[in-house]
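Biologist: I am new to this structure. Please take me through it step by step.

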Amino acid sequence: MHATAPLTRFIDAHPRLFVLTGAGCSTDSGIPDYRDAEGAWKRTPPVTYQAFMGEERTRRRYWARSLVGWRHFGKARPNGTHHALQRLEAQGRLELLVTQNVDGLHQRAGQRQVVDLHGRLDQVRCMGCAWRQPREAFQQELDRLNPGWSTLAAREAPDGDADLDAPHFDDFVVPPCPACGGVLKPDVVFFGENVPRERVMQAMQAMEAADAVLVVGSSLMVFSGYRFVHAAARAGKPVAAVNLGRTRADPLLDLKVEQPCAEALAFLLA
């Protein structure tokens, strides 16, 4: 309790919190994160929007790895961090929760006021006509068209990816949109792609209405999340962060707790 006492006081002092979460929230659910304690990439950066849309071979490689990675990612369940933040909402102390994660685990924990800043991996959409399909149904279609691929061994990677080094990705079959024949893509914001304006506006309005900002499990190295902390600091709102290692916003923080997220927030479930 001694280590988290400042965080307890911060939350008690600000009854209308704007919460921003990142990959550190979901590591206890078995989903790997992207960055090390210094905020640097642990691995090769993920595929960009431009490469995915511009190269058929890149799409084949992406979906082949995703077919294998979904076995694990699709079974992930909320952990103590998600439940602790849901408790804050149940107590009426949350203005809004904005997550950079694409796993939907906040909602599975019962959170209602959530903005999925980068979208959701459990949906697939057509880039031509906006046709949508649940990812689980698309998984079954990929499995049907590519027998044997889903049983290949590979190490789990962030956001449903897998370290699959198959020699013949060109043999992998990715179906087109059944409605228009267009390119199917996970309904998430890739690197190099813009976050939809309406999500940013909704989140920014909630941040402006909040008393303070609480960052949970994010290094804030990506501008899409950092912008809210920067705006809050400029407006004079207190900002606290729970994160293992450096964040891009360290000079702007009023409080930083360097503990695993579930451990730091466990007092909310006591």
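**Helix H8 and its surroundings**

Biologist: Which elements do the buried residues of H8 pack against?

Modeller: Helices (H or I, at least four residues) and strands (E, at least two) are DSSP runs, numbered from the N terminus. Buried means under 20% relative accessible area, exposed over 50%, and partly exposed in between, with a 1.4 Å probe and protein chains only; contact means heavy atoms within 4.5 Å. The buried residues of H8 pack against one further helix, H7 (197-209), and against the strands S1 (17-21), S9 and S10.

Biologist: What kind of model is this, and how are its residues numbered?

Modeller: It is a predicted model, in which local features need pLDDT of at least 70 and side-chain atom pairs count only at pLDDT 80 or more, while totals for chains, interfaces and linings use all residues. Side-chain values use heavy atoms, leaving out hydrogens and water, and residues are numbered along each chain as its sequence is written, from 1.

Biologist: How far apart are the end C-alpha atoms of H8?

Modeller: The expected span of a helix is 1.5 Å times one less than its number of residues. H8 has 12 residues, so it should span 16 Å. The model agrees, as the end C-alpha atoms are apart by 16 Å.

Biologist: Is Phe 228 buried or exposed?

Modeller: Phe 228 sits in helix H8. Leaving aside neighbours within four places in sequence, Phe 228 is in contact with Phe 18, Leu 117, Val 200, Ala 203, Met 204 and Met 207. Its relative accessibility is 0%, which means that Phe 228 counts as buried.

Biologist: How far is Phe 228 from Met 207 in space, C-alpha to C-alpha?

Modeller: In sequence, Phe 228 and Met 207 are 21 residues apart. In space, their C-alpha to C-alpha distance is 7.2 Å.

**The sheet**

Biologist: In what order do the strands of the open sheet stand?

Modeller: Two strands pair if DSSP finds at least two bridges between them. The open sheet has 6 strands, and the pairing is parallel. The order is S3-S2-S1-S9-S10-S11.

Biologist: Which strands stand at the edges?

Modeller: An edge strand here has a single partner strand, so one side of it is left without a neighbour in the sheet. The two strands in this position are S3 (114-116) and S11.

Biologist: What is the handedness of the crossover from S9 to S10?

Modeller: S9 (residues 212-216) and S10 pair in the parallel sense over 4 bridges, and Leu 214 has Ala 240 as its bridge partner in S10. Between the two strands the chain passes through H8 (residues 223-234). A crossover is right-handed if, with the strands pointing away from the viewer, the path from the first strand over the helix to the second runs clockwise. This β-α-β crossover is right-handed.

Biologist: Which residue of S11 is the bridge partner of Val 242?

Modeller: S10 and S11 (residues 255-257) pair in the parallel sense over 3 bridges. In S11, the partner of Val 242 is Val 257.

Biologist: Which residue in S2 is the bridge partner of Leu 17?

Modeller: S1 and S2 run parallel and are joined by 5 bridges. In S2, 5 of 6 residues are buried. The partner of Leu 17 there is Leu 94.

Biologist: At about what angle does H7 run to S2?

Modeller: Axes are lines fitted to C-alpha atoms, for helices over the stretch in contact, and angles run from 0 to 180 degrees between N-to-C directions. H7 lies across S1, S2 (94-99), S3 and S9. Its angle to S2 is about 145°.
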